[in-house]
Amino acid sequence: VPLFLAPLFLLAAAFSGAFDVAAAPPFAGADAFIQKSCAACHNSSAHSGGLDLTKLAFEPANPDNFATWVKVHDRVSAGEMPPPAMPRPATESLTQFVKGLTDALTGYERTVVTERGRAGLRRLNAYEYENAIRDLLAVPWVQIKGKLPQDGEAYRFNKVGTALDVSHIQLSRYMSSADYAMREAMASKLVQPAPVTTRIYARQEPSLARNFRPREGNTRTDRLNFPVLDSHAQPDVRAGRSAISSPETKEREAIGRVSSIFSDAGGFSWSSFRVPTPGRYRVKVKGYTIWVSGGGVDHWNYEGFGQQKTAYLNGPTYHRPNSDEVWPGRRNEPIGVYAQSSGQSRPLAEFDFMPEPSVNEVEVLLGANETIQTDCMRLFRTRVNGSEEAYVNPLAQQDGMPGVAFQWLEVEGPLYDQTSGAGYRQMFGDLPMRRLGANEPGGVTLQIVPPPPAPGDANAANTAGAFRGRGGPRLQDVRVDVTTEHPREDAERLIGAFLARAYRRPVEEAHAKRFLALFNQQFELNHSFAKSLVSTYTAVLSSPGFLYVQEAPGKLDDYSLATRLALFLWNSEPDSELRSLAAAGRLGKPEVLTAQTERMLNDSRSRRFVDAFTDYWLDLRKIDDSSPSSTLYNDYELDDPLKLAAMEETRLFVQELIARNLPARNVIDSDFTFLNERLAQHYGVPGVTGAKMRKVTLPKDSVRGGLLTQASVLKVTANGTTTSPVIRGVWIMERILGFRTAPPPSVPAIEPDIRGAVTIRQQLDKHRADATCASCHRKIDPPGFALESFDVMGGWRDRYRVFADGVQPEPGIGLSGQPFAFRYGPPVDSAGALPDGPSFRDIREFKRLLLEHEEQKVARNLVGQLATYATGAPIGFSDRKQVEEILEKTRGSGYGVRNIVQSIVQSDLFQYK
Amino acid sequence: MINHGYTRAISRRTLLRGVGVSLALPLLNVMVPAGARAQSPAVPRRMFGICNNLGVLPAEFFPAEPGHDYTPSPYLKILQDHRKDFTVFSGVSHPNVDGGHPSDISFLTAAPHPASSSFRNTISLDQYIAERIGSQTRFPSLTLAVNTGARSLSWTGNGVAIPPEQSASSVFRQMFIQGSPLEVEAKIAELDTGRSILDAVSDQVRDLERNVGPSDRARLDQYFTSVRDLEGRLQASKGWERKPKPVVKEPEPQDPTNPAQYMAKVAAMYGLVRLAFETDSTRSVTLMLDSVSTPVVEIAGATISDGYHNLSHHGKSEAKLAQLRIIDAWHMRLLADLFKELRGVQEGGETLLDRTMVLYGSNLGDANAHSTINMPVLLAGGGFRHAGHLTFDRNQNYPLPNLFVSMLQRIGVETGKFASSTGTMSGLEMTKA
């Protein structure tokens, strides 16, 4: 029984006159059926459901017309039309009508597909372009995606040709991005320092070993750093009475903190180390957790300005740290590691400090001139609000507060491997590069990190200042050329090799000639060899042969198949194994294809697929579109660890479904998920400690499990202040159950009200009392009702939070140090009923109903979403048969997700254009 | 304190580094389609479109009475000195532009249903202008934004966003810092290289077009058109490269780094736009004030406790409304400063404001309800006989694209239609000049 497909409008047409069916019918005989069984309501005067079947011609080339006939087909074949109140047509004529219509619709669509293919020509999207350039030039650190105009979206994904437009802006950004990436590849070859291990002790790091004492205008004691030795304070060092460091204690010295990064203030960077050249590095951090007594550090504050300026002493307060009383930590704390450059920072890793010192090691990709930042992410982030001291550390207890102490940072690298310099080799083979002198014009200009000043340099003091300064040293321009004895011959050879690797199919002679001509023309203009080649490669990487996914109608050849596979499972170009299989004409063999799909899914690059797919399918890319209201939800404010863990949960969950071939029903409910301590705390799951995400078996009665109740999903379906059952309901209908909902008529939306007098539920009930609104809302609201138990960040709630002036708020302090402003309002009502009857009391019962009734729909939707993503075309009417075949093939494994991916690859949907 | 001499030296070095480093594609987003050359009008006219995508509190913005003699609303009181120089509209919106926040990208295009999955944007007012008179200035148009990720008010004819420029200092350098003759020649050589690259790729398109069906050919045509657009743009840039850049006495602006310094960023952009118009560097500018992506705004002397977007969902809470009023009033103050600055510049016997249409408004009529009807809009300057408060039906809104048609006609573009317009703006007449 289709739960959600409620009958459209039920108009008891008492009369039964004859209606002329004038328009061209979809097949001979259709008009008779329509006149007999449909036209009593769907005629020009009654016009039920906005549909007049007596006038509806069959014009399949018109997409709206085609869609209308598909709808007619679906309603009749589902038995919803004619509605129960009307006379039932004979089974035979009904079957005939459905079959006739199916054939007509399929027939038309197949003709079009044969001629054009399902998928239209498309270009690479920004994700794919970035990955392809990174892989081709072996420059995995370059950031390109953000420099390209945002891609359009069609049928949910950034994979469909009609939404992937090109403009002159797009084209110029391709050219400058390719140019930039090639210069990065050259610069990383030019600057190849020997790998070294640099250890920086916190006490030697100028940006950490400072700010020990309050200063005027900077009196926040929570933001002070302080010296720590063996988990205890060093008041003499803090006061400046003793040396900052001594050789005997050097290895055990540390710098402590009780607050986390706020805005762009300093005090967290290890700026003595700057990445000399882009590449892979091993980063180690040593430190431990501490407990700091409360009571604060006495310091002067000032009020007023000029003549009126007066000083007053800030007395002791329990929630301010006393930096002279430090004790061993009481628990572990999560430490975030970031790479920072020009004010931007990007997260690299997360691990735990313990009460005992530990060395934590990660391997990361770093860009030139970046610095490393470390921060304890759980600690509070002070935010100034009006008066300077008007905040409270929410982690403070009567006897103190948690903190962390950093001992040292060690960076080892660059770690060279076979990919080091591979981009340069791709461009110039074994030809040597040399720097050009001041009086040699031209060449390619690279930007490199200047070497640190030599000791004893007369200008060392100045240079060192510039080197250490905020933002670090400016990158230095270096001009280079590539040396060759036979420029033309070498160019021809190199361009041929570059094209063969950049293009995803054999290169046509004419194309190669054209690029060689470009090189020759540039070279004759006295542009250097290197520059002329870079210009030529820029043309290659901006040319349709690189940008467009070329497929011919009909069955794909092996090269196109390799490209589809690589774009599907790696979001990038085919690697050499796929290419050689395609060249040998073997990729299309089913067993080879299966093996390759397995290999690609097992490769770490398949994580790109999971990330990109969930970014669009589940809207994870919109996680920052709203932030929790600091009025209602300041306990979530600035809680990056929670947000990052929530996104990672969803990605790891989807990855797990694929890796272990888990049944599609896990999308609705699962007995496991992925958690770390912060997320487990958010979900109320006991026994999970530490920053590391891991697979956790959920308690039997947990509301978590499945995608619907993951914090990431609940966040992207809320606006940071309120939740709406309508928005969440539509989201689940479309993303999880695979229904398209029509956009609402232009009626005023419900105006959010957080004062607490009326709940969204009560407002909606009024809305639903209107018959026009009810026809859709009875379908889309119920899933949303079930999710009303979850707040804007996916936390469980029994009552709504409200905000009203002049009412005492709940006690408590948010992460920003500001008191709560909300109080608890009306209770949440998460009960509802599915359109055709079964009712549920809460999310648990709702999930159970879905599992009982809708498992196949969930699987069918997953097939549809994946196939659209994989092929760049929506599931058409005539594709339904193949979708059903995929379902049939995977039924045995409970619609195992890996089986679904494999079956899609084996299907004609995937193997035909 | 900023040392301007030092600042200038640095920006100069930055500029030098830029030359020859990368492909010298013009950084500003300009558009010179082949053959689009309108007659140079006797009087240069300009357009500046500003969208604050969280809008303003409607009750504080709209006046009650219609016509010239309206009692100023609290917000319009801040613009009182310029009362004769602008018209405020009520009861206007873009037909069928709905969907809440995503509708900001339709503010200057009026393309319907911007939140729908099949949405495709259409040409924006500024690009429509740039296509026709853009070749007369060094930069056919400027697309600016404050605090945005990628949201843009400027859209090309095939519905592609022009990424906004967010650094006032970078735009300033491109407009006013002159390179040495050697640098200029190097830049020109780069532009020529760019054109040679385009020649190579466009030849390839022709090859490919022969082997594909009609629908795929249309996609390749789009690529081909892009090549031609970019070629035209490089050609135009080359012409301008040889002409000396205008000299201004103002120092290069400093870009506030923190998105919380929202008002300082807006003020810097307004100052920059005034300079761009004063030096006739461009005649078409858009500025997206992405309030939605703005965190807690820093305002001297005021306590703002919540992110801008969260404040806008005030849920009728007085504490939030009070803070919104402070922010909105700052917007109005900066706008008053802009009007004053434009009025302070003389050009051919008129003020710069007389020749500049400043369109200020929002895609949201009421951000608390995500409502896209009853948009707050005002038009200042630009050679109109301003009509005070023009009122239309607040339930059945009057089409705002009609105002765009009036603006296009004022700037000298002969058209009777823009997007879903039904005519010109009723009740708004041009001055004679």
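Let me begin with a convention: two strands are said to pair if DSSP finds at least two bridges between them, and strands themselves (E, at least two residues) are, like helices (H or I, at least four), DSSP runs numbered from the N terminus. What we have here is a predicted model, in which local features need pLDDT of at least 70 and side-chain atom pairs count only at pLDDT 80 or more, while totals for chains, interfaces and linings use all residues. Residues are numbered from 1 along each chain as its sequence is written, chains are lettered from A and ligands numbered from 1 in the order in which they are written, and side-chain values use heavy atoms, with hydrogens and water left out.

I will start with chain B, whose secondary structure comes to 11 helices and 13 strands. Seven strands of chain B form an open sheet with mixed pairing, in the order S4-S5-S1-S8-S9-S2-S11. Its edge strands, each pairing on one side only, are S4 (142–146) and S11 (389–391) of chain B, and neighbouring strands of this sheet are turned against each other by 15° on average, direction ignored. At one end of that order, S2(B) and S11(B) pair in the parallel sense over three bridges, with B:Ser90 standing opposite B:Thr391 in S11(B). Helix H10 (residues 318–343) of chain B packs on the sheet, touching S1, S2, S5, S8 and S9 of chain B, and its direction makes about 175° with that of S8(B); here angles run from 0 to 180 degrees between N-to-C directions, and axes are lines fitted to C-alpha atoms, for helices over the stretch in contact.

Which residues does B:Leu79 contact, leaving aside its neighbours within four places in sequence? Taking contact as heavy atoms within 4.5 Å, they are B:Phe86, B:Met332, B:Leu335, B:Ala336, B:Phe339 and B:Leu378. B:Leu79 itself is found in the loop between helix H3 (74–77) and strand S2 (86–90) of chain B, and it counts as buried because its relative accessibility is 0%, where buried means under 20% relative accessible area, exposed over 50% and partly exposed in between (1.4 Å probe, protein chains only). Of the 433 residues of chain B, 62% count as buried.

Turning to chain A, A:Ser629 lies in the loop between helix H16 (606–617) and helix H17 (640–659), and is buried, with a relative accessible area of 0%. Beyond its neighbours within four places in sequence, A:Ser629 is in contact with A:Asn634, A:Gly720 and A:Thr721, and also with B:Asp306, B:Asn310 and B:Lys320.

Two helix pairs remain. The axes of H13 (residues 558–569) and H14 (residues 576–583) of chain A come within 8 Å and cross at roughly 155°, which means that H13(A) is roughly antiparallel to H14(A), since angles over 145 degrees count as roughly antiparallel, under 35 as roughly parallel, 65 to 115 as roughly perpendicular and the rest as oblique. In this pair A:Asp558, A:Tyr559, A:Ala562, A:Leu565 and A:Ala566 meet A:Leu578, A:Leu581, A:Ala582 and A:Ala583.

In the other pair, H4 (residues 126–137) of chain A and H16(A) pack at an angle of about 165°, with their axes 12 Å apart, and H4(A) is therefore roughly antiparallel to H16(A). Their contact is made by A:Tyr127, A:Asn131 and A:Asp135 of H4(A) and A:Arg608, A:Ala612, A:Asp615 and A:Tyr616 of H16(A).
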